Amino acid sequence: MRIVLLGPPGAGKGTQAARLAERYSIPAISTGDIFRANVSGKTPLGVKAQEYMSAGALVPDEITNAMVRDRLAQDDVVDGFLLDGYPRNPDQAVVLDGMLADLGVKLDVAIEITADSDEVTQRLLKRAEIEGRADDTEPVIRKRLEVYATQTAPLTAFFEGRGLLVQVDGLGDIDEVTERIVSSVESR
């Protein structure tokens with residue numbers, strides 16, 4: 001199974017990505033984790049990515065696309081994958097289509113986890129406190145939600161137009177949200 005997981009920051013994508021990856025025996029590929037690994041490793045891409053992340057802005061497409069292209073070329077994605085946090089806009093979705101065409105595969109489903117912005121802000125503030133994330137201050141969180149609404153939300157129309165979109169409410173018990181997703185995906 002080849003899955004794209006969409007939704008605003010704090011909607012529960014990371015939690016659900018891990019659960020879906022286990023259920024379908026595919027790797028979960030998080031651009032957030034890729035960015036943090038590059039930042040902590042102080043790679044040239046990581047240094048550039050940190051500048052954007054600290055300001056609450058999205059990392060530019062050319063950096064993100066290069067990281068994802070490298071990851072999709074690895075052996076563990078031959079039988080499927082789950083992309084968490086990519087693509088973030090229709091231009092990246094077109095690039096992803098090209099990457100997948102080069103690999104001779106197609107996307108199976110795009111799952112959008114929906115959630116109220118005030119709820120996700122509180123979730124992210126709590127996560128920042130627990131994990132000590134410097135990039136999760138309230139002004140940065142609000143900026144990321146604003147950027148998501150203007151730049152990433154148009155992906156729903158892109159994937160809906162291709163018959164790939166499934167929308168699932170991300171609020172509630174983690175197990176309930178997982179069951180909603182699985183039920184929606186498997187009833188397609």
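Search the whole structure and one cavity of 30 Å³ or more turns up. This is a predicted model, where local features need pLDDT of at least 70 and side-chain atom pairs count only at pLDDT 80 or more, while totals for chains, interfaces and linings use all residues. Residues are numbered from 1 along each chain as its sequence is written, and side-chain values use heavy atoms, with hydrogens and water left out.

**Exercise 1.** Find which residues line the largest cavity.

*Solution.* Start with the term: on a 1 Å grid over the protein atoms alone, a cavity is a set of points where a 1.4 Å probe fits but cannot get out, a pocket is an open set with protein on both sides within 12 Å along at least five of seven lines, and lining residues have an atom within 4 Å of a point. Next, the volume: the largest cavity holds about 60 Å³ of space. (Grid points are joined across faces, edges and corners, and a volume is the space filled by probe spheres set on the points.) Now the lining, which is made up of Leu-5, Leu-6, Gly-7, Lys-13, Gly-85, Tyr-86, Pro-87, Arg-88, Tyr-148 and Thr-152. Two or more of these residues come from each of β1 and α7. (Helices are DSSP runs of H or I with at least four residues, strands are runs of E with at least two, and both are numbered from the N terminus.)

**Exercise 2.** Describe the largest pocket and its lining.

*Solution.* First, the volume is about 940 Å³. Then the lining: it has 39 residues, and Pro-9, Gly-10, Lys-13, Gly-14 and Arg-127 are the closest to the pocket's centre. Last, sort the lining by class, and you get 15 nonpolar, 14 polar and ten charged residues. (Ala, Val, Leu, Ile, Met, Phe, Trp, Tyr, Cys and Pro count as nonpolar, Asp, Glu, Lys and Arg as charged, and the others, Gly among them, as polar.)

**Exercise 3.** Is Gln-92 buried or exposed, and what does Gln-92 contact?

*Solution.* Locate the residue: Gln-92 sits in helix α5, residues 90-103. Check its accessibility: at 2% relative accessibility, Gln-92 is buried. (Buried means under 20% relative accessible area, exposed over 50%, partly exposed in between, with a 1.4 Å probe and protein chains only.) Now skip its neighbours within four places in sequence, and Gln-92 is in contact with Asp-61, Thr-64, Asn-65, Tyr-86 and Pro-87.

**Exercise 4.** Work out where Arg-69 stands and how far Val-95 is from it.

*Solution.* Arg-69 is also in helix α4. Its relative accessibility is 41%, so Arg-69 is partly exposed. Between Arg-69 and Val-95 there are 26 residues in sequence and 9.3 Å in space, C-alpha to C-alpha. Beyond four places in sequence, Arg-69 touches Val-95, Met-99 and Asp-102.

**Exercise 5.** Find the aromatic pair and say how its rings are set.

*Solution.* Rings of Phe, Tyr and Trp (its six-membered ring) pair if their centres lie within 6.5 Å; planes under 30 degrees apart count as stacked, over 60 as edge-to-face and the rest as tilted. The count comes to one pair. Its members are Phe-158 and Phe-159, with centres 5.2 Å apart and planes at 90 degrees, so the pair is edge-to-face. Both Phe-158 and Phe-159 are buried.

Conventions:
Contact means heavy atoms within 4.5 Å.
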